[in-house]
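Hello,

Here is the structure I promised to pass on. Please have a look at it first, and then read my notes below.

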Amino acid sequence: MASEEAKYDIIKSTDVYEIRKYADRLAVEAVSTTGDNSFRKLFNYISGKNKKNQEIKMTIPVTQTEKSGNMTMQFYLPSKFNKDNVPYPSSSDVKIVNIEGGYYAVIRYSGRASNKNFIKHKEILENELKKDNILISGSAIKASYNSPFTLPMLKRNEAMFKVNWK
């Protein structure tokens with residue numbers, strides 16, 4: 001599905017989760033409204049439906065998070081792009097955003113990228129972070145790494161939280 005993954009450094013690792021440090025990175029995002037398909041909007045953008053008619057390689061992960069009560073989906077852009085050379089969307093439903101770097105707690109799991117599976121792992125991560133006195137500073141993020149055609153037991157999924165780290 002992809003050739004480039006968002007880069008990070010592992011700061012701490014436990015049996016359940018790891019703390020990663022990410023740098024700022026550009027993403028393209030779409031907010032889900034009733035009856036629309038955020039994935040399709042983002043896929044159209046990387047397929048060349050942007051102001052430069054430029055095709056862009058898919059990267060991983062694809063993330064989903066809640067912002068202002070709406071589900072937002074994001075595709076990270078390849079590292080070769082910056083604010084000066086990124087192709088701007090031709091659709092008002094899609095926008096370029098800077099994902100702020102920082103520390104993220106992450107739990108990895110396999111299986112379907114369903115909401116039920118995500119919620120289960122998000123809650124495990126949340127409980128572990130509370131036990132370890134690590135303060136969560138953002139909404140839960142659902143990260144998916146594989147194509148829909150990958151067998152569930154081979155899928156890599158993650159639940160993440162931005163956290164306050166020393």
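Let me begin at a helix end: Asn37 caps the N-terminal end of α1, with a side-chain oxygen 3.0 Å from the backbone nitrogen of Phe39. Before I go on, please note that this is a predicted model, in which local features need pLDDT of at least 70 and side-chain atom pairs count only at pLDDT 80 or more, while totals for chains, interfaces and linings use all residues. Residues are numbered from 1 along each chain as its sequence is written, and side-chain values use heavy atoms, with hydrogens and water left out.

Helices (H or I, at least four residues) and strands (E, at least two) are DSSP runs, numbered from the N terminus. Helix α1 covers residues 38-46, and Ser38, Lys41, Leu42, Tyr45 and Ile46 are buried there (buried is under 20% relative accessible area, exposed over 50%, partly exposed in between, with a 1.4 Å probe and protein chains only). Seen down the axis of α1, these buried residues fall within an arc of 130°, so they line one face of the helix; the arc is that of the directions from the helix axis to the C-beta atoms. They pack against β4, β7 and β8, where contact means heavy atoms within 4.5 Å. After the helix comes Gly48, with a positive phi near 115°.

Now the sheet. Nine strands form an open, antiparallel sheet in the order β2-β3-β9-β11-β10-β6-β7-β4-β8 (two strands pair if DSSP finds at least two bridges between them). Its edge strands are β2 (8-13) and β8, each pairing on one side only. From one strand to the next, the twist averages 30°; axes are lines fitted to C-alpha atoms, for helices over the stretch in contact, and angles run from 0 to 180 degrees between N-to-C directions. Four bridges join β10 and β11 in the antiparallel sense, and Ile141 has Met160 in β11 as its bridge partner. Helix α2 (residues 115-131) lies across β9, β10 and β11, at about 45° to β11.

One residue I would point you to is Gln74, in strand β7 (residues 70-76). Gln74 is buried, at a relative accessible area of 5%, and its side chain makes a polar contact of 2.8 Å with that of Glu29. (A polar contact is a pair of N or O atoms within 3.5 Å; within protein, one must be able to donate a hydrogen and the other to accept it, and residues adjacent in sequence count only if both atoms are side-chain atoms.)

Glu29 is itself buried, at 3%, and it also forms a salt bridge with Lys95 (3.8 Å, N to O). That pair links strand β4 (residues 25-31) to strand β8 (residues 94-99), 66 residues apart. Lys95 is partly exposed, at 44%.

There are 11 salt bridges in total, counting a side-chain nitrogen of Lys or Arg within 4 Å of a carboxyl oxygen of Asp or Glu. Another of them joins Arg156 and Glu5, with the closest N and O atoms 3.1 Å apart. Arg156 lies in the loop between β10 (141-144) and β11 (157-162) and Glu5 in strand β1 (residues 4-5), so the pair ties together parts 151 residues apart in sequence. Both belong to a network of salt bridges that links Glu5, Glu18, Arg20, Arg108, Arg156 and Glu158.

Best wishes
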